[in-house]
Amino acid sequence: MKVLHVITGLGIGGAEQQLRLLVRHLPAESEVVTLTNPGPVADALIADGVTVTHLGMAGNRDLTALPRLARVIRAGRYDIVHTHLYRAAVYGRVAARMARARAVVATEHSLGATQIEGRPLTPAVRSLYRATERLGGGTLAVSGTVARRLAEWGVPAHRIHLAPNGIDPAAFAFSAPARLAARTRLGIPLHAYVVGGVGRQVREKNFDVLIRAVAAVPDTHLLLAGDGPEHVMLLRLVHQLGVADRVRFAGPAEDPSADNPTVPELLSAMDLFVSPSPEESFGVAVVEALASGLPALYVACPAVEDLPPHDAPGARHVEAYQLAAAVREERLTGPRRLPVPAAVEHYAITRTAERVMAVYEAVLDPGAAAPAPAPETTAVSVPEPASPPAVAPEPTAAPAEK
């Protein structure tokens with residue numbers, strides 16, 4: 001089977017990293033087109049032996065991208081065109097229809113209750129999404145929460161399929177040597193109690209709330225991995241609170257071109273993981289922390305909330321205003337490593353790849369038996385793509401660059 005993945009960009013981000021991990025585990029010949037920004041993840045994919053094409057899209061209104069993408073699809077004779085992220089889904093579905101591709105599916109990575117990929121859900125964005133969604137064979141949701149949101153938008157339940165984000169559990173196993181090396185490298189005392197967070201430093205992630213919470217708990221250190229437009233503001237806050245000696249910024253750990261500790265190494269260096277974001281589509285960082293044996297606090301995490309409580313006993317929901325008290329409580333308990341919970345195996349990338357392949361096979365042969373529905377959705381089959389909407393969708397309604 002030959003698959004073309006179309007994504008908005010390949011800079012550092014959760015969807016981009018998920019695409020790379022999925023391609024590694026899919027039993028298919030995969031190639032990737034990035035509409036914009038062939039960044040560090042593009043370099044990593046190429047290092048993995050994957051062909052990556054940069055379409056050179058100039059912006060949301062660059063309609064010349066449609067015929068150029070259609071030509072790539074037509075020339076590649078792909079069995080499946082698989083889109084990722086909003087702009088790629090809008091342009092990719094239309095271009096695939098223009099190229100008469102055999103089948104098209106999309107993964108919805110970042111649909112929140114009020115935002116998509118960090119941007120407001122306007123009526124125009126919703127309308128364009130629904131219009132172009134009908135051009136494909138179905139949509140894969142990265143969590144049960146996202147599947148329900150799609151249904152609330154009016155996407156028919158039989159077109160929604162659950163294919164959760166995945167991780168490689170073995171890669172995140174706790175390592176005492178990695179703990180020692182990471183703490184030494186970052187200048188963190190070996191005896192210190194370390195709270196950690198991982199993610200892009202944007203306003204929506206609420207890392208300022210986490211900094212204030214840790215600042216309120218004496219004799220507690222904070223380790224933040226990531227980068228983003230809020231980095232300078234967070235540095236300023238650390239100095240305003242007078243806790244610069246207790247806070248370390250590790251940089252973008254996912255960037256293979258940067259000389260930073262990796263996420264597994266950083267998790268081994270932590271004693272408590274906290275995800276302060278109030279809105280998530282999945283929460284992969286929490287699952288990675290659980291794979292490292294860490295207790296975890298989260299404000300929102302569909303990956304955990306969509307499972308029975310006993311599948312992730314080390315993860316605990318707290319409200320943002322409760323973070324300082326919850327960190328203080330965990331600090332009194334002291335450092336500990338927990339058994340890896342069932343949730344981690346539930347989200348193994350190999351299982352995700354199996355679900356994606358089952359959807360591929362269903363859209364290529366609609367008459368065959370459809371994949372069994374996931375508990376969170378009622379999807380049991382994927383019909384032939386519907387006719388294009390009467391009015392051609394206008395990509396100008398798409399949000400700005402991710």
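# Questions on a predicted protein chain

The protein chain holds 15 helices and 15 strands, where helices (H or I, at least four residues) and strands (E, at least two) are DSSP runs numbered from the N terminus. This is a predicted model, in which local features need pLDDT of at least 70 and side-chain atom pairs count only at pLDDT 80 or more, while totals for chains, interfaces and linings use all residues. Residues are numbered from 1 along each chain as its sequence is written, and side-chain values use heavy atoms, with hydrogens and water left out.

Reader: What percentage of the 402 residues of the protein chain count as buried?

Author: A residue is called buried under 20% relative accessible area, exposed over 50%, and partly exposed in between (1.4 Å probe, protein chains only). By that rule, the share of the 402 residues of the protein chain that count as buried is 57%.

Reader: Which residue follows helix 3, and what is its phi?

Author: Most residues other than glycine have a negative phi. The residue in question is found in the loop between helix 3 and strand 4, and it counts as exposed, because its relative accessibility is 71%. Helix 3 is followed by Arg77, whose phi is positive, near 50°.

Reader: Is Asn206, in the loop between strand 10 and helix 8, buried or exposed?

Author: Asn206 has a positive phi of about 65° although it is not a glycine, and its loop lies between strand 10 (194–198) and helix 8. Because its relative accessibility is 17%, Asn206 counts as buried.

Reader: Where is Thr132, and which backbone oxygen atoms lie 2.9 Å and 3.3 Å from a polar atom of its side chain?

Author: Thr132 has its place in helix 5 (residues 123–133), and it is buried, with a relative accessible area of 0%. Val90 is 42 residues away from Thr132 in sequence, yet the two are 5.9 Å apart in space, C-alpha to C-alpha. A polar atom of the Thr132 side chain lies 2.9 Å from the backbone oxygen of Leu128, and a polar atom of that side chain lies 3.3 Å from the backbone oxygen of Tyr129.

Reader: How many salt bridges does a search of the whole structure find?

Author: Side chains of opposite charge can pair when their charged atoms come close. A salt bridge is a side-chain nitrogen of Lys or Arg within 4 Å of a carboxyl oxygen of Asp or Glu. A search of the whole structure for such pairs finds 13.

Reader: What is the distance between the closest N and O atoms of Asp62 and Arg68?

Author: Asp62 counts as buried, because its relative accessibility is 12%, whereas Arg68, at 22%, counts as partly exposed. The two form a salt bridge, and their closest N and O atoms are apart by 3.1 Å.

Reader: With which residue does Arg331 form a salt bridge?

Author: Arg331 counts as partly exposed at 22% relative accessibility, and the closest N and O atoms of its salt bridge with Asp219 are 2.9 Å apart. The pair links distant parts of the chain, 112 residues apart, with Arg331 in helix 13 (residues 323–333) and its partner in the loop between helix 8 (207–215) and strand 11 (221–225). That partner is exposed, with a relative accessible area of 52%, and it is Asp219.

Reader: Which residues are linked with Arg316 in a network of salt bridges?

Author: The side chains of Arg316 and Glu330 meet in a salt bridge (3.3 Å, N to O), and this pair joins strand 15 (residues 315–317) to helix 13. Arg316 is partly exposed, with a relative accessible area of 30%, while Glu330 is buried, at 7%. The residues linked with Arg316 in the network are Glu329, Glu330 and Arg336.

Key:
Polar contact = N/O pair within 3.5 Å; in protein donor to acceptor, adjacent residues only side chain to side chain.
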